[in-house]
Amino acid sequence: MVRWHNFSFVAGEVRRVSYSHLPAPGEAAIPHSTLRMSSRARTWRDLAPLLTHLQLVSIGDHLVRRPTPAFDKGRAEPLCTVTELSAACTGRYARKLRAALGDVRVGADSPRETMLRLAFREAGLPEPLINQPLHGSDGRVLHRPDFQWPEHRVCAEYEGKTHNDEEQVKRDIRRARRTSSAGFLEIRLYDEDTRASCANAVRIVRDALIARGWKP
């Protein structure tokens, strides 16, 4: 639990947010109210004592990710910038925050993607591109894999529960065919591959990279 009354804020770390208030039965209607809220970067900073490195990186990844039209309607900009997070790396836990920020990347779409990316790095695998375009021989964008090692023509997808939907399964099959047509080997990972510090996922990806010419 964070006890906010022990915290001090500068003007740039607080903003006023208007919201519609739905009254309880018998309560007078208040059409709009205003709340004073700390900025996202400041809140990320204040959570440093309570969160692990992985959790701080996962939140940082979420804050700086580019909005996706299908899932982030009405929002065109990231929730936060890397510069704003950098400015928040102050105070007693500055070192911990800077270490987390050093592992934050623009592109990760879920905590599991962040977990896998950090596991790949910890195992000494080359750092992948994250949700970057995969191009066909004609230069056309075929897909944006979760992880991509273009030099070795390998990509990997983490498939959560939403990929069990029938229509999503069909989309995944079409995606895999497009990926194969571009000469890429697609690795499909799921929740069991993230157990034991993602050991299974690391092994599968390492074997694929070695088979495609990577030398550890």
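Predicted model: local features only at pLDDT ≥ 70, side-chain atom pairs only at ≥ 80, totals over all residues.
Local features need pLDDT of at least 70 and side-chain atom pairs count only at pLDDT 80 or more, whereas totals for chains, interfaces and linings use all residues. Residues are numbered from 1 along each chain as its sequence is written, and side-chain values use heavy atoms, with hydrogens and water left out.

Colleague: At what angle do helix α5 and helix α7 pack?

Modeller: Helices here are DSSP runs of H or I with at least four residues, numbered from the N terminus, and axes are lines fitted to C-alpha atoms over the stretch in contact, with angles from 0 to 180 degrees between N-to-C directions. For α5 (residues 111-122) and α7 (residues 195-211), whose axes lie 9 Å apart, the angle is about 65°.

Colleague: Which residues of α7 does α5 meet?

Modeller: Contact means heavy atoms within 4.5 Å. From α5, Met115, Leu116, Ala119 and Phe120 take part, and they meet Ser197, Cys198, Ala201, Val202 and Val205.

Colleague: Are α2 and α5 parallel or oblique to each other?

Modeller: Angles under 35 degrees count as roughly parallel, over 145 as roughly antiparallel, 65 to 115 as roughly perpendicular and the rest as oblique. The axes of α2 and α5 are 9 Å apart and the angle is about 120°. The two helices are therefore oblique.

Colleague: Which residues in helix α4 are buried?

Modeller: Buried means under 20% relative accessible area, with a 1.4 Å probe and protein chains only. The cover over the buried residues of α4 includes α1, α2, α3 and α5. In α4 (residues 94-103), the buried residues are Ala94, Leu97, Ala100, Leu101 and Asp103.

Conventions: Buried < 20%, exposed > 50% of the residue type's maximum accessible area, 1.4 Å probe, protein only.
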